[in-house]
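Me: Hi! I have a protein model open and I'd like to talk it through with someone. Could you help me?

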Amino acid sequence: MPKRNVKDVAYDRTVILGTAQQLVSSDRQKEHGDASKNFAMVAELWSIYLGVDILPHEVPMMMTLYKIARTTENPTNVDNYVDIAGYSALAGEQAPEIDVKEPRFIRGFRR
């Protein structure tokens, strides 16, 4: 039997992915609005704030990095792993919308 964390989510890959799937496929749109529109708005705000162009698909990728950073403080919180899986799926869903004509460069690193 898989171990469980305080939120009663099992430390099991199937449960982690299933929980992420439920979260990104549920009525969250009613609560938070359309994910694509939300990522576009956040990308625009972050671009203005940072002075660097952020694309909508990069918003969930950045949120994934945020969750990865959180695991350094509490690696036993399975919620972070659920969120990482969910944000990755949402980023992948944005992929068809990416119009990359040339590689992007940021701080000297080619992406």
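Reply: Happy to! One term to start with: a residue is called buried when its relative accessible area is under 20%. Also keep in mind that this is a predicted model.

Me: Okay, how much of the protein is buried?
Reply: Buried residues account for 23% of the 111 residues.

Me: And which elements does the chain have, in what order?
Reply: The protein has five helices and two strands. Starting at the N terminus, they run α-α-α-α-α-β-β.

Me: How many salt bridges does a search of the whole structure find?
Reply: The search finds one. Lys-67 pairs with Asp-83, and their closest N and O atoms are 2.7 Å apart. Lys-67 sits in helix H4 (residues 58-73) and Asp-83 in helix H5 (residues 78-94), so the bridge ties together parts 16 residues apart in sequence.

Me: Are those two buried or exposed?
Reply: Lys-67 and Asp-83 are both buried.

Me: Switching topic: how do H3 and H4 cross?
Reply: The axes of helix H3 (residues 35-50) and H4 come within 8 Å and cross at roughly 75°. Angles from 65 to 115 degrees count as roughly perpendicular, so H3 is roughly perpendicular to H4.

Me: Which residues make that contact?
Reply: From H3 they are Phe-39, Val-42, Ala-43 and Trp-46, and from H4 they are Val-59, Pro-60, Met-62 and Met-63.

Me: Last one: what's the accessible surface?
Reply: About 8400 Å², with 57% of that belonging to carbon and sulfur atoms.

How values were computed: Residues are numbered from 1 along each chain as its sequence is written. This is a predicted model: local features need pLDDT of at least 70, side-chain atom pairs count only at pLDDT 80 or more; totals for chains, interfaces and linings use all residues. Side-chain values use heavy atoms; hydrogens and water are left out. Helices (H or I, at least four residues) and strands (E, at least two) are DSSP runs, numbered from the N terminus. Buried means under 20% relative accessible area, exposed over 50%, partly exposed in between (1.4 Å probe, protein chains only). Accessible areas come from the Shrake-Rupley method with a 1.4 Å probe; for residues, only the protein chains shown count as cover. A salt bridge is a side-chain nitrogen of Lys or Arg within 4 Å of a carboxyl oxygen of Asp or Glu. Axes are lines fitted to C-alpha atoms, for helices over the stretch in contact, and angles run from 0 to 180 degrees between N-to-C directions. Angles under 35 degrees count as roughly parallel, over 145 as roughly antiparallel, 65 to 115 as roughly perpendicular and the rest as oblique. Contact means heavy atoms within 4.5 Å.
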